[in-house]
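Hi everyone, thanks for coming. I'd like to walk you through one model today, so please have a look at it while I talk.

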Amino acid sequence: MISTQIPKSNVKRLDVFYVLSEGVVVAGDVESKSRKGLLHYTRIVLDPVTMKITKASCDCEGFTFRGKCWHIETLKQLVVSDERVREEVMKAKEELMRIEEDIASWG
């Protein structure tokens, strides 16, 4: 799991981990653009096989009313553009896939 500060970004904290029932989770605190100091907990879940987003959530008002927000887009871009984050996502994916293969071998 990675928990790190992302320099020069609205993302103040980032965690990458997996949940067996969901997939690879990228979650973090993203600072509000309109209200400095206010952090929104934002989470995206990636399918471990396709690496496409299967779920996304944010506690901001925009997501509450529209079902989408720029905080989620920020996390998406971070996964694509930041090498450290991509490496952590791939580590979590590999570990999740190993565990799922192990469970499948139990019969």
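**A hairpin and its surroundings**

Let's start with a hairpin: β4 and β5 form it, with 6 residues between them, and methionine 51 in the turn has a positive phi of about 60°. Before going on, a word on the basis: this is a predicted model, where local features need pLDDT of at least 70, side-chain atom pairs count only at pLDDT 80 or more, and totals for chains, interfaces and linings use all residues. Residues are numbered from 1 along each chain as its sequence is written, and side-chain values use heavy atoms, with hydrogens and water left out. When I say helix or strand, I mean DSSP runs numbered from the N terminus (H or I with at least four residues for helices, E with at least two for strands).

Buried means under 20% relative accessible area, exposed means over 50%, and partly exposed is in between, with a 1.4 Å probe and protein chains only.

Now to the charges. The structure holds 10 salt bridges, each being a side-chain nitrogen of Lys or Arg within 4 Å of a carboxyl oxygen of Asp or Glu. One of them joins the side chains of glutamate 22 and arginine 43, at 2.6 Å from N to O. Glutamate 22 sits in the loop between β2 (11–19) and β3, while arginine 43 is in strand β4, so this pair ties together parts that are 21 residues apart in sequence. Arginine 43 counts as buried, at 18% relative accessibility, and glutamate 22 is partly exposed at 22%.

Glutamate 22 also meets the side chain of lysine 55 in a salt bridge, at 3.0 Å from N to O. That pair links distant parts of the chain, 33 residues apart, with lysine 55 in strand β5. Lysine 55 is partly exposed, at 44% relative accessibility. Elsewhere, Arg13, Asp15 and Asp29 are linked in a network of salt bridges.

Next, helix α2, residues 70–81. Its 12 residues should span 16 Å at 1.5 Å a residue, and the end C-alpha atoms are 16 Å apart, which agrees; the expected span is 1.5 Å times one less than the number of residues. His71, Ile72, Thr74, Leu75, Leu78 and Val79 are buried in α2. Seen down the axis, the buried residues of α2 fall within an arc of 155°, so they line one face of the helix; that arc is taken from the directions from the helix axis to the C-beta atoms. Val80 and Ser81, on the other side of α2, are exposed.

Key: Pairing = 2+ DSSP bridges.
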